[in-house]
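Visitor: I'd like to learn how to read a few features off a model. Could you walk me through it?

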Amino acid sequence: SARSRGIQRTTFVAIFTNGTLAIGQLVVGLLANAFSLVADAVHTLSDLFTDVLVLLAGRHGGDPADRDHPYGHERIETVATLLLSAVLVAVGLMFLWSSGVRLQNMEALPPLHHAAIYMAIATLFAKEALFRYTLAASKRLNAPVLEANAWHARSDAASSLVVAAGIGGSLAGYPFLEPLAAAVVGFLIAHMGVRLGWKAVRELIDTGLPEDEVARLRSTIRGTP
């Protein structure tokens with residue numbers, strides 16, 4: 001279907017963007033002694049896995065109904081959203097943990113090259129652009145799984161902001177700014193994961209509509225000849 005192809009096309013853009021950014025972060029991070037960039041590259045590579053997950057869900061979620069699935073296959077998207085939410089929670093907790101470790105070992109941080117801040121800023125803008133592009137596609141195609149992936153891209157933009165702030169603070173002589181900001185962003189990412197996961201769970205267990213919506217539906221049906 002056109003919707004399924006739209007989901008796949010949007011996800012291919014995300015895969016290409018994340019792949020390019022991961023390579024750039026890894027190379028610059030290693031050359032500039034910016035281990036936060038290297039960590040963010042690993043984070044970006046994990047996004048490639050979730051992008052592939054969304055691609056598969058978009059492809060099979062658009063399959064028509066059959067004998068074993070009389071209501072179609074759209075729940076595959078819901079399950080993929082649930083898995084994405086679990087990834088968000090895990091990434092958020094990882095940021096919280098790593099920020100604590102950095103606070104305890106600030107004196108061990110190596111000197112950074114200025115190239116690191118340029119890569120961090122470029123990554124930030126690219127992630128934010130990917131977020132807006134994917135979110136717009138999710139609304140146009142009415143695809144919750146793309147919305148989940150869009151917010152995942154936004155969480156990546158937030159983590160890239162942390163890296164940029166950390167590198168900038170380190171270059172300015174304030175190395176403690178990075179772990180403090182990382183802890184805040186880690187909490188925000190985990191919270192977003194819980195929110196998306198709860199929404200997916202409600203869909204999977206067929207939670208009923210609110211009373212006011214049911215009343216509106218009943219009124220519309222009764223008023224239709």
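Predicted model: local features only at pLDDT ≥ 70, side-chain atom pairs only at ≥ 80, totals over all residues.

Visitor: Let's talk about cavities, then. How many cavities of 30 Å³ or more does a search of the whole structure find?

Guide: The search turns up two. Take the second largest cavity, with a volume of about 60 Å³.

Visitor: Which element gives the largest share of the lining of that second largest cavity?

Guide: Helix 6 does, with four residues. The elements giving two or more residues to this lining are helix 3 (75–104), helix 5 (144–171) and helix 6 (177–204). Among the lining residues are Thr78, Pro144, Leu196 and Lys199.

Visitor: And how do the lining residues of the second largest cavity divide into nonpolar, polar and charged?

Guide: Four are nonpolar, two polar and three charged.

Visitor: On to aromatics. How is a pair of aromatic rings described?

Guide: You give the distance of the centres and the angle of the planes. In this model the count comes to one aromatic pair. Phe131 and Trp151 form that pair, with 5.0 Å centre to centre and 55° between the planes, so it is tilted, because only angles over 60 degrees count as edge-to-face and those under 30 as stacked. Phe131 belongs to helix 4 (residues 115–141) and Trp151 to helix 5, 20 residues apart, so the pair links distant parts of the chain.

Visitor: Is Phe131 buried or exposed?

Guide: Phe131 is buried, because its relative accessible area is 5% and the cut-off is under 20%. Trp151, at 21%, counts as partly exposed. There's a charge to look at too: Arg154 lies over the face of Phe131, at 4.0 Å from the ring centre.

Visitor: What span should helix 4 have, at 1.5 Å a residue?

Guide: Its 27 residues should span 39 Å, and the end C-alpha atoms are 39 Å apart, which agrees.

Visitor: Is Asn142 buried or exposed?

Guide: Asn142 is exposed, because its relative accessible area is 61%, and the cut-off for exposed is over 50%.

Technical notes
Residues numbered from 1 in each chain as written. Heavy atoms only, no water. 1 Å grid on protein atoms, 1.4 Å probe; cavity = no way out; pocket = protein on both sides within 12 Å on 5 of 7 lines; lining within 4 Å. Points joined across faces, edges and corners; volume = space filled by probe spheres on them. Nonpolar A, V, L, I, M, F, W, Y, C, P; charged D, E, K, R; others polar. Phe/Tyr/Trp six-rings, centres within 6.5 Å; stacked < 30°, edge-to-face > 60°. Buried < 20%, exposed > 50% of the residue type's maximum accessible area, 1.4 Å probe, protein only. Lys NZ or Arg CZ within 6 Å of the ring centre and 35° of its normal. Expected span 1.5 Å × (residues − 1).
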